[in-house]
Amino acid sequence: MLDRLRSDIQCILDRDPAARSTWEVITCYPGLHAIWLQRPAHWCWTHGLKWLGRFISHMGRWLTGIEIHPGAVIGRQVFIDHGMGVVIGETAVVGDGCTIYHGVTLGGTSLYKGAKRHPTLGKNVVVSAGAKVLGGFEVGDNAKIGSNAVVIKPVPEGATAVGIPARIIPSKNGHSADVTEHDHAKAEGGQSVPKAEGFTAYGVTAEVDPVAQAMRSLSEGAACHEKQIALLWEALEKLSARSKMDDCVPCESERPQAFEKDKIDQIMGK
C-alpha cells in the first residue's frame with residue numbers, strides 16, 4: 001500500500017514541472033486527493049456498501065471538484081492534473097499511467113443498467129483539457145486525446161484524436177504522434193534536459209489535422225487546375241489571332257474572378 005502511495009506521488013513529480021516537493025504534492029494536488037478517496041469508495045462499492053461508496057465519492061467531489069463514480073476502475077500512477085470539472089463514469093476503466101486534465105468527461109451514451117456504457121483507457125493515455133470521451137469503447141495504449149475533442153469511436157494504440165467529432169491521426173511506424181517524444185526542454189541554467197519519455201502535456205501532436213490536410217490537397221489541386229485553364233485561354237487567344245477572327249470565344253465564358261489559393265491557405269493557417 002505504501003509503495004502505491006509513493007508511486008502516486010512520484011508520477012506527479014515526474015509529469016508536472018510545477019511540482020516542487022513531495023509535501024506540496026500531498027497537500028496541494030486535488031487530483032491526488034480524488035484518487036486516494038476513490039479507492040475506499042471503490043472498495044465499498046465492490047463489497048456491497050453502495051450508499052457508503054457513493055457518499056465517499058460525493059464528499060470527494062465536494063472537496064476536489066472531481067467526480068469519480070465508485071464503480072470506476074482506476075489503475076496505478078494515474079495523474080489528474082488541475083482536475084476541476086473532471087467526470088469519470090461508473091463503468092469507466094482508466095489504465096496505468098494515464099494523465100487526465102481538467103474539464104474531461106469519460107461519459108456514457110447508453111441508458112441500460114449493467115451495460116458497459118463508459119470508455120476504457122489503455123496504459124499511458126493522455127486526455128487533454130475539455131475532452132469528452134463518450135461510449136463503451138476502448139482507447140488504445142499510448143493514445144492521445146486533443147483538447148476539447150469529442151471522441152465517439154475507438155482510438156487505436158499510439159494514435160491521436162482531435163476535433164469535433166474526433167478524427168484519428170494514426171501513429172507512424174509504431175511511434176506516437178507526440179511533438180515532444182524526442183524533444184528536450186531547457187532548464188533554468190540553459191542545459192538541455194530530456195522530457196519524460198512517452199509523455200506529452202495536453203496531448204500536443206506534431207501531425208496535421210487530417211481534414212486540414214484534405215482541404216490543403218483540394219486547394220493545391222484547384223490552383224493547378226487554375227493554371228491549366230489559364231494556359232488553355234492563352235492558347236485560344238493565339239488561335240483566334242491566327243484565324244484573323246475578331247473574337248472566337250463567347251463573352252459569357254469569361255470568368256469574373258480567379259481562384260485565390262493564397263487566401264485559402266491564409267484561412268487554413270498554412
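Tutor: The following answer treats the helix pair, then the cavities beside it.

This is a predicted model, in which local features need pLDDT of at least 70, side-chain atom pairs count only at pLDDT 80 or more, and totals for chains, interfaces and linings use all residues. Residues are numbered from 1 along each chain as its sequence is written, and side-chain values use heavy atoms, with hydrogens and water left out.

Two packed helices are described by the angle between their axes and the distance between the axes. The pair here consists of helix α3 (residues 30-46) and helix α4 (residues 50-64). Helices (H or I, at least four residues) and strands (E, at least two) are DSSP runs, numbered from the N terminus. The axes of α3 and α4 come within 7 Å and cross at roughly 170 degrees. An axis is a line fitted to C-alpha atoms, for helices over the stretch in contact, and angles run from 0 to 180 degrees between N-to-C directions. Angles under 35 degrees count as roughly parallel, over 145 as roughly antiparallel, 65 to 115 as roughly perpendicular and the rest as oblique. Therefore α3 and α4 are roughly antiparallel to each other.

Which residues make the contact, meaning heavy atoms within 4.5 Å? From α3 come Pro-30, His-33, Ala-34, Leu-37, Pro-40, Ala-41, Cys-44 and Trp-45. They meet Lys-50, Leu-52, Gly-53, Arg-54, Ile-56, Ser-57, Gly-60, Leu-63 and Thr-64 in α4. The residues of this contact divide into ten nonpolar, five polar and two charged. Here Ala, Val, Leu, Ile, Met, Phe, Trp, Tyr, Cys and Pro count as nonpolar, Asp, Glu, Lys and Arg as charged, and the others, Gly among them, as polar.

We now turn to the empty space. Rolling a probe the size of a water molecule over the atoms shows where empty space is left. On a 1 Å grid over the protein atoms alone, a cavity is a set of points where a 1.4 Å probe fits but cannot get out, and lining residues have an atom within 4 Å of a point. Grid points are joined across faces, edges and corners, and a volume is the space filled by probe spheres set on the points. By this rule there are two cavities of 30 Å³ or more.

The largest cavity has a volume of about 60 Å³. Its lining consists of Ala-34, Leu-37, Gln-38, Ile-56, Ser-57, Gly-60, Arg-61, Ile-66 and Ile-68. The elements that give two or more residues to this lining are α3 and α4, and α4 gives the most, with four residues. By class, the lining of the largest cavity divides into five nonpolar, three polar and one charged.

The second largest cavity has a volume of about 30 Å³. Asp-8, Ile-12, Gly-31, Leu-32, Ile-35, Val-78, Phe-79 and Ile-80 line this second cavity. At least two lining residues are supplied by each of α1 (2-15), α3 and β3 (79-80). For the second largest cavity, α3 gives the most, with three residues. The lining of the second largest cavity divides into six nonpolar, one polar and one charged.

Key. Contact means heavy atoms within 4.5 Å. On a 1 Å grid over the protein atoms alone, a cavity is a set of points where a 1.4 Å probe fits but cannot get out, and a pocket is an open set with protein on both sides within 12 Å along at least five of seven lines; lining residues have an atom within 4 Å of a point.
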